[in-house]
Amino acid sequence: MKNIITLILAMLILISYPVRLVTALDITITGNGSDTNNEVNIQVENNQNVVQTNTANIDNNIHIDSNTGGNTASENGGEVEIVTGDTSQTVVVENNTNTSLVDTGDCCQNETEITIVGNGNGSTNTTSVFQELNTQVVVNQNTTIKNTIYGNVNTGNNVANQNNGNVNISTGSITVAGGINNGPINIHDVKVNSDKSTSTNMVINENGVNSFNSLNYTNTANDTTYIFNTANILNNVLWDLNTGNNHANGNSGDVSILTGDIDFNFYIDNGPINFGSITIDDCCIIDDPEDPDDPDDFSDPVDPGDPIGGSTNNTHAVQAAVYSVAIDAIEILGLSDTSSNLVNPYIYWMGVIFVGLGLKTVGSSVNKKYKYR
């Protein structure tokens, strides 16, 4: 019978071993004896510091020289005809630099609960919780762009002098198209997830006469974002387009000079430059705290500021912005630490040892019983 009881107890220990999950901040002081002194001090800091630095230096130099002109036909005894070909140039320069995307990630947490309940006469219970969330995002983007385009296109500068026949000079057309597009440059999209909707539930209830219970809770959140964008852009564009400057002098026949057309379509577009958005998002909405009148809560709730059976209760809460940090639960049950990460493994392995010993003992008993039969 003893062996069976040992085995059952060991199995109960294993079954009751909790699966540790990261939960919201949960502090409980409960069920301690008379004249006990319990104190919990928690300080939680969560600092996020994101720094992005982008630097771009761009220098574009484009030189175009296109010529179908500059022809000469002079001192000929017959008719002279000069026809130059057309020329078409397309130049496009596009600069797109420095894009910063910052997302500090999800921040949804559960509510914070602090409870002092059911402790003995003359006990002193104190909890102090300080939670602080600091998020700082710094984005530095610097861009320097220099675009230089030089184009020389010619179908003219033709010469036909001192010819004895008719002279005809016909120059080709010039078409230039293109442009410079600087942008988007220094674009930022910053999203800071700041949870300021987390609920807080503090309870002092059913403690003994002349007990002293104190709750101190401070919760702050600071979100700071700095954006520094600098763009220096210099566009130098020079085109020399010519279908004229043709000469036909001292000719004895008819002279005809026909110059070609020039079609010039060129643009410079700067932007968007130094543009973006900053979003500070209250990313998590927590349900309202449980109704204190709910029968599942602690019975007979009272105003924390009123004395209970001669006990003194002090509550102090300062909330600049609520932020819940997920940590393991903390419990003080009869001054025993049964929920910390250090104690749980020992309980588990004790259970394993008990199971082993129980199986060994039962096995030995069975062997002896049948051996002597």
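The model is predicted, so local features need pLDDT of at least 70 and side-chain atom pairs count only at pLDDT 80 or more, while totals for chains, interfaces and linings use all residues. Residues are numbered from 1 along each chain as its sequence is written, and side-chain values use heavy atoms, with hydrogens and water left out.

Let us begin with the rings. The structure holds 4 aromatic pairs, where rings of Phe, Tyr and Trp (its six-membered ring) pair if their centres lie within 6.5 Å, and planes under 30 degrees apart count as stacked, over 60 as edge-to-face and the rest as tilted. One of the pairs joins Trp239 and Phe264 edge-to-face, at 6.2 Å centre to centre with 70 degrees between the planes. Because Trp239 sits in strand β10 (residues 212-242) and Phe264 in strand β12 (residues 262-270), this pair ties together parts 25 residues apart in sequence; strands are DSSP runs of E, at least two residues, numbered from the N terminus.

Trp239 also pairs edge-to-face with Phe266, at 6.1 Å centre to centre and 65 degrees between the planes. Phe266 lies in strand β12 and Trp239 in strand β10, so here the linked parts are 27 residues apart in sequence.

Methods:
Helix = DSSP H or I, 4+ residues; strand = E, 2+ residues; numbered from the N terminus.
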